[in-house]
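Subject: Structure handover

Hi,

My notes follow directly below it.

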Amino acid sequence: MTQFQVKQWDELSTYFTSFFSHVSGNVEQTGECIRFSSPPHLVETSLSVFRDGRFGAKMPLHGIDSKVETVHFQTEPHRITFIGEGLEYIYRIPTQLIVTERDE
């Protein structure tokens with residue numbers, strides 16, 4: 001598991017981009033936000049992390065907006081855990097979006 005404090009913004013955003021490199025979808029990055037969004041025809045989901053610690057996640061059956069201090073990345077299974085005061089939220093990447101070597 002790899003983890004970052006949100007205040008480690010440059011490292012966090014670089015790892016975020018790398019983490020989603022084998023996931024179908026698009027990563028957009030600005031100085032204040034990094035965002036993943038999937039192709040809607042596969043699974044409609046998105047995940048945004050902001051430099052001030054806010055984050056938002058949208059899945060077909062739920063969504064969340066909150067603020068965190070720490071972000072944990074886990075590659076097997078593909079998930080990201082957001083931890084803040086009184087909050088632990090796990091964003092699981094749908095298996096339909098994982099690109100395997102044979103898909104490439």
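The side chain of S38 reaches the backbone nitrogen of T45 at 3.0 Å. That is a polar contact, meaning a pair of N or O atoms within 3.5 Å; within protein, one must be able to donate a hydrogen and the other to accept it, and residues adjacent in sequence count only if both atoms are side-chain atoms. A polar atom of the S38 side chain also lies 2.2 Å from the backbone oxygen of V43.

Before going on, the ground rules. This is a predicted model, with local features needing pLDDT of at least 70 and side-chain atom pairs counted only at pLDDT 80 or more, while totals for chains, interfaces and linings use all residues. Residues are numbered from 1 along each chain as its sequence is written, and side-chain values use heavy atoms, with hydrogens and water left out.

Back to S38. It sits in the loop between β3 (33–37) and β4 (46–50). Helices (H or I, at least four residues) and strands (E, at least two) are DSSP runs, numbered from the N terminus. Is S38 buried or exposed? S38 counts as buried because its relative accessibility is 9%. The classes are buried under 20% relative accessible area, exposed over 50%, and partly exposed in between (1.4 Å probe, protein chains only). Leaving aside neighbours within four places in sequence, S38 is in contact with S24, G25, V43, E44, T45 and L97. Contact here means heavy atoms within 4.5 Å. S38 and I93 are 55 residues apart in sequence, and their C-alpha atoms are 9.8 Å apart in space.

Next, the sheet. Four strands form an open sheet in the order β1-β7-β8-β9, with antiparallel pairing. The edge strands are β1 and β9 (87–92), and each pairs on one side only. From one strand to the next, the twist averages 15°. Helix α1 (residues 9–19) packs on the sheet and touches β1, β7 and β8. The direction of α1 makes about 25° with that of β7. Axes are lines fitted to C-alpha atoms, for helices over the stretch in contact, and angles run from 0 to 180 degrees between N-to-C directions.

Now β7 itself (residues 70–74). How many of its residues are buried? The count is 5 of 5. Both faces are covered: T70, H72 and Q74 are buried on one side, V71 and F73 on the other.

The pairing works as follows. Two strands pair if DSSP finds at least two bridges between them. Strand β1 (residues 2–5) pairs with β7 over 4 bridges, in the antiparallel sense. Strand β8 (residues 79–84) also pairs with β7 in the antiparallel sense, over 5 bridges. H72 has Q3 as a bridge partner, and T81 in β8 is a bridge partner of H72 as well. V71 stands opposite F82 in β8.

A hairpin of 4 residues joins β7 to β8. P77 lies in that loop. The peptide bond joining E76 and P77 is cis, with omega about -5°.

Last, charges. The count comes to 1 salt bridge, taken as a side-chain nitrogen of Lys or Arg within 4 Å of a carboxyl oxygen of Asp or Glu. The side chains of D52 and R54 meet in a salt bridge at 2.9 Å, N to O. D52 counts as partly exposed because its relative accessibility is 40%. R54 is partly exposed too, at 39%.

Best wishes
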